[in-house]
Amino acid sequence: MQKTEPLDKTIELYIEQVYHLYYRKAVNYANQFLKDTELSKGMAQEAFISIWERRNTLDVNCNVEYYLLATVRNKALNYLKHKQRMAKNMGTEVPVSDRLSIIALSDDASQKVCCKEISAIVDKTLNSLSPDIRETFLMSREQGLSYKEIAEKSNVSIKTIEYRITKVLKILTAGLSDFLTILFLLLLG
């Protein structure tokens, strides 16, 4: 007769697996908006705590990565809005990067359209790159690997990795220049 593990142990192992798969991505996602690695690590930890607290109602068939990143997004947005309120109460100016992050994190239909257009431009740009440059960029941005880790995996120098990523960023900046103007106008409003 085969012994089955208790449901709690199965869920615990599942969440541990999710943690190992997505922790770094959650930290990098938060850090895009917060620009503070330690704070971003805290947001990611809080998101995992939230998953743990909901473990008994967690649907293991749902997209846990999406749920995790949405939780991180909401926590980052709440933090930035609180920071904005505190700055306003103290009569100080909110940094431009925080205002941009609030705009980016806010759930607005027009911003979703803008994000889809930006995403299409990014996808088209990435697809036009050579495979090694595209893969380098994706390892950096999607997998959250350091330049050193990418260099080791790709068997090239760190300088080559720096060159490749700088090249992609320049191409993306040129392709997204129209949207930079829109973001600037949103910040003034």
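Let's start at Lys35, a residue in the loop between α1 and α2. Helices here are DSSP runs of H or I with at least four residues, strands are runs of E with at least two, and both are numbered from the N terminus. Phi of Lys35 is near 55°, and that is a positive value in a residue that is not glycine. Is Lys35 buried or exposed? Lys35 counts as exposed, because its relative accessibility is 56%. The cut-offs are these: buried is under 20% relative accessible area, exposed is over 50%, and partly exposed is in between, using a 1.4 Å probe and protein chains only.

A word on the source. This is a predicted model, where local features need pLDDT of at least 70 and side-chain atom pairs need pLDDT 80 or more, while totals for chains, interfaces and linings use all residues. Residues are numbered from 1 along each chain as its sequence is written, and side-chain values use heavy atoms, with hydrogens and water left out.

Now the whole chain. It has 9 helices and 0 strands. Of its 189 residues, 29% count as buried. Take contacts between residues at least 6 apart in sequence: 61% of them join residues at least 24 apart. Contact means heavy atoms within 4.5 Å.

Next, the cores. A nonpolar core is a set of buried Ala, Val, Leu, Ile, Met, Phe, Trp, Tyr and Cys residues, joined through side-chain atoms within 4.5 Å. The largest has 23 residues, and those touching the most other members are Ala26, Leu34, Phe48, Ile51, Leu68, Leu80 and Leu105. Four helices each supply at least two residues of this core: α1 (7–34), α2 (37–53), α3 (64–90) and α4 (96–105). Which helix gives the most? That is α1, with 9 residues. Look at Phe48. Setting aside residues up to four places away in sequence, Phe48 touches Val18, Tyr19, Tyr22, Tyr23 and Leu68. There is also a second, separate core of 12 residues, with Leu126, Leu129, Ile133 and Val168 among them.

On to Ser101, in helix α4. Ser101 counts as buried because its relative accessibility is 5%. What does Ser101 contact, leaving aside neighbours within four places in sequence? The partners are Gln32, Phe33 and Leu80. A polar atom of the Ser101 side chain lies 2.8 Å from the backbone oxygen of Phe33.

Now a helix pair. Two packed helices are described by the angle between their axes and the distance between the axes. Helix α6 (residues 131–141) packs against helix α7 (residues 147–154) at about 140°, with the axes 10 Å apart. So α6 is oblique to α7. For the cut-offs, under 35 degrees is roughly parallel, over 145 roughly antiparallel, 65 to 115 roughly perpendicular, and the rest oblique. Axes are lines fitted to C-alpha atoms, for helices over the stretch in contact, and angles run from 0 to 180 degrees between N-to-C directions. From α6, Thr136, Met139 and Ser140 make the contact; from α7, Tyr147, Ile150, Lys153 and Ser154 do.

Stay in α6 for Leu138. Leaving out neighbours within four places in sequence, Leu138 contacts Leu126 and Gln143. Leu138 and Leu126 are 12 residues apart in sequence and 9.0 Å apart, C-alpha to C-alpha.

Last stop: Asn155, in the loop between α7 and α8 (158–175). Its phi is near 55°, again positive in a residue other than glycine. Asn155 has a relative accessible area of 70%, so it is exposed.

Conventions: A polar contact is a pair of N or O atoms within 3.5 Å; within protein, one must be able to donate a hydrogen and the other to accept it, and residues adjacent in sequence count only if both atoms are side-chain atoms.
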